[in-house]
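Please open the model in your viewer and keep the selection tool at hand. The tour below goes from one selection to the next and says what is there.

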Amino acid sequence: MEKLKLILKPPALKKGATIGVIAPASPLAQPEYLERGLEFWRSRGYRVRTGRHISKAAGYLAGNDADRLADLHWMFRDPEIGAIICLRGGYGSLRLLTGLDYDLVLSHPKILLGYSDITALHLAFNKIAGLVTFHGPMIYPELGGPVPDPYTEKALFRTLATTAPLGTIPPAPELPAPVSIIPGQAEGTVTGGNLSLVTATLGTTFEIDTRGRILFLEEIDEAPYRLDRMLTQLQLAGKLEEAAGIVFGYCTRCDDKRRGLTALEVITARLKPLGRPCFYGLPAGHVKPQATLPLGIRARLDATACTLTYLEAATAPI
């Protein structure tokens with residue numbers, strides 16, 4: 001049974017709120033995405049504000065750690081900011097975890113939206129502050145793309161703006177059908193994100209806690225043997241056996257065509273012996289269309305029907 005802990009839900013997104021955009025990971029090479037992403041929010045009735053250092057670049061980082069932390073703290077501190085949206089993933093969020101002001105987050109809970117490298121922030125905020133965060137689209141490439149995807153947009157606002165239980169994540173017809181790996185049902189708090197970042201927390205203060213939880217994973221551009229290695233590492237650390245159930249989004253561009261190996265084959269081989277309810281193909285991760293998944297609240301996993309159903313609201317009344 002999952003151990004209950006204090007859950008801190010951010011206020012729901014209200015129409016006309018100010019959206020803060022920050023770059024906690026890598027810089028943006030295509031400035032047109034930022035311009036279109038800001039217009040995405042403005043055209044839907046929201047105000048926008050960007051981090052003071054959002055245009056900086058230091059190699060593969062969007063400025064130095066101090067500047068990226070300053071923007072993140074500023075957005076949590078500013079009472080006008082209703083939600084914080086990440087510019088993009090890449091790399092760099094993991095470097096910020098020891099410098100985060102968790103007391104500030106506890107006193108000013110807000111929506112934090114992003115995925116990929118932003119998984120590091122999700123895991124830290126979930127574990128240290130108990131804050132519910134959101135695995136979903138960013139300015140690059142989704143919200144600042146030439147034509148935002150309708151499913152992605154509908155799922156985003158449905159998740160961030162409602163204070164009712166979210167229910168079942170709708171299927172995305174444009175994506176391949178999900179595959180049941182181990183049939184069965186399980187309930188628990190949803191945790192996880194990008195497989196590489198989840199694995200990177202092992203042995204640290206921010207190590208993912210999967211006990212009695214629904215573990216969500218996704219990945220991009222990793223060869224099958226690397227997926228095997230990371231899943232094996234999670235298994236050796238006891239994280240897979242401790243989970244109540246496991247759900248994979250999509251592993252994009254992770255097949256090895258030279259050897260005829262697919263990501264799904266590797267995942268099935270590693271997870272099937274565990275006996276935990278598990279399916280592959282939740283519409284989340286590095287895919288289009290993309291669902292927005294709250295992390296830190298309870299859900300029911302039905303690995304027979306290949307569904308994930310949230311049992312409570314992800315946000316608090318305004």
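Begin with the two C-alpha centres, one for domain 1 and one for domain 2, which lie 24 Å apart. To colour the parts, select 18-148 as domain 1 and 167-310 as domain 2, bounds that come from an automatic or database domain assignment. This is a predicted model, in which local features need pLDDT of at least 70 and side-chain atom pairs count only at pLDDT 80 or more, while totals for chains, interfaces and linings use all residues. Residues are numbered from 1 along each chain as its sequence is written, and side-chain values use heavy atoms, with hydrogens and water left out.

Next, select the residues in contact (heavy atoms within 4.5 Å): 25 residues come from domain 1 and 25 residues from domain 2. The area buried between the domains, meaning the accessible area (1.4 Å probe) that two parts lose on being put together, summed over both, is about 1900 Å², and carbon and sulfur atoms give 67% of it.

Now show Leu 123, Lys 127 and His 135, the residues of domain 1 that lose the most area to domain 2, together 34% of what that side buries.

Then select helix H4 (119-129) and strand S5 (133-135), each of which supplies at least two residues of the side of domain 1 that touches domain 2; helices (H or I, at least four residues) and strands (E, at least two) are DSSP runs, numbered from the N terminus. H4 gives the most to this side, with eight residues.
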